[in-house]
Amino acid sequence: MKAASGSALPTKPCCTLNSVYLNGAFLPIEDACIPVTDRGFLFGDGVYEVIPAYGGRLFRLPHHLQRLQNSLDGIRLENPLNENQWREIFNELLQRNQAQAEPNNDQSVYLQVTRGVAAKRDHAFPDPVKPTVYATSNPMTEPDSKLLERGLAAITLEDIRWQYCNIKSITLLPNVLLRQQAVDADAAEAILVRNNLVIEGSASNIFIVHKGEILTPPNGNYMLPGITRDLVLELAAQHGIPCHETDISKEQLCSADEIWLTSSTREIVPVTVLDGQLVNDGRPGAVWKNMSRHYRDYKNAVREGKAE
Ligand code: PDD
C-alpha cells in the first residue's frame, strides 16, 4: 500500500538485521565490530566454514567441525570451542535469523576464527591472545530451477594458489581473482588446472562423467576436501553408481560427457558450457539428474530429522 504523503513513517523497518555471534555475545550485525589490528584483517590469518541448515537443521555438522579442526591444526591455532558449544551457537543463530529465512527456513551458517588481536603488526605469531570467533547465518534459496535446466558456463584457468589448499583459509585473494576472471568471461566458475591436472573450482569441487562412471580428483593438499563432494561419493556408493577418485587431465575434462560442480551453497550444478564449447549436447546429463534426486532426498531426510 502506498503511504499518503505526510503520513507517519512505515512501522516495519526497511531491512531486517541479521543476528551474529562475536566473541561470546549475540548482537545485530551492525553492532558487531572488531579492532583493525585483528590478524584476520591484517594478514588473512584465520580459517572459516560454511554449513548449510535445512528446515533449521544443520547439515553434516560433524564433518564440517572435523574439517574446521583440520584447518585450525593446519595454521597451528587451538580450537576455541568444543563441538557442543559450536552446535549451541549455530542453533541459536538459526533461531534468531529464522524469520528472514521463511517459508522453508533454509539457511547457511558462516563461521570464522582468526588468530585474534595483537598489540603490534608482526608476521610471526603474537604471544598467546584470544582468537576472534565470528559466526552468522543467512537465508539460503533453493537452486534456481531454470539455471539447473540450462546449466552453467565455466572456464579453465591455471591454478595460481598456494600448496595448502586443503586448509579452508580466509586468505582467498587468488580465489577472488580467479572467480572474477570467470565472471569477466561471462562464466559462473573458474575450473582450476595445475600441471595439466584438473583440481577444483575457485569455490567448488569438480566431478566429471565418462562412459557412465563418475570421476573426481583425489583429496590432497592442492584442493579443499569438500563436504558436498564426500556426500556425493557416499550417495554414489549407496546407490550403486560407479564412481572413482582419480586424476583427471584437462583433455579428459574437455571431452567429458558431463561436468558438475559441488559446494555447500550451490549443491550439485551441471556445467554445460566449458571454455565457450558445449559439454556434450549442452544440456545437463542423465547421471547428474539421478544424483541430484538422491541429494534432494538426503536433504529432505535432514529436514525431517532423519539424517544429519
Ligand atoms: N566454498 N573448494 C573450494 C575452494 C571451496 O571454497 C569450496 C566451498 C568447496 C566446496 O566445499 P563444500 O562442499 O564443503 O562447501 C571446494 C564455500 C561454500 C565458500 O567459500 O563460500
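Visitor: Which residue in β5 stands opposite I51?

Guide: This is a predicted model. Strand β3, residues 46-54, pairs with strand β5, residues 107-114, in the antiparallel sense over 8 bridges. Within β5, the residue opposite I51 is V109.

Visitor: Which strands does helix α2 touch where it packs on the sheet?

Guide: Helix α2 spans residues 61-74, and its direction makes about 175° with that of β3. In packing on the sheet, the helix touches β3, β4 and β5.

Visitor: In what order do the 6 strands form the open sheet, and which strands stand at the edges?

Guide: The pairing is antiparallel, and the order is β2-β1-β6-β5-β3-β4. The strands at 25-28 and 57-58 each have a single partner strand, so one side of each is left without a neighbour in the sheet. These edge strands are β2 and β4.

Visitor: Which element supplies the largest share of the largest nonpolar core?

Guide: That core has 37 residues, and those with the most contacts inside it include I191, W260 and M291. Several elements each supply at least two of its residues, among them β7, β13 and α7. The largest share, 6 residues, comes from α9.

Visitor: Which residues does M291 touch, not counting those up to four places away in sequence?

Guide: M291 is among the residues with the most contacts inside the largest nonpolar core. Under that sequence limit, M291 touches I214, V232, L235, A236, I241, W260 and I268.

Visitor: How many residues has the other core that lies apart from it?

Guide: Among the members of this other core are I75, F90, V109 and V113. V109 is also the residue opposite I51. The number of residues in this core is 23.

Terms used
Residues are numbered from 1 along each chain as its sequence is written. This is a predicted model: local features need pLDDT of at least 70, side-chain atom pairs count only at pLDDT 80 or more; totals for chains, interfaces and linings use all residues. Side-chain values use heavy atoms; hydrogens and water are left out. Two strands pair if DSSP finds at least two bridges between them. Helices (H or I, at least four residues) and strands (E, at least two) are DSSP runs, numbered from the N terminus. Contact means heavy atoms within 4.5 Å. Axes are lines fitted to C-alpha atoms, for helices over the stretch in contact, and angles run from 0 to 180 degrees between N-to-C directions. A nonpolar core is a set of buried Ala, Val, Leu, Ile, Met, Phe, Trp, Tyr and Cys residues joined through side-chain atoms within 4.5 Å. Buried means under 20% relative accessible area, exposed over 50%, partly exposed in between (1.4 Å probe, protein chains only).
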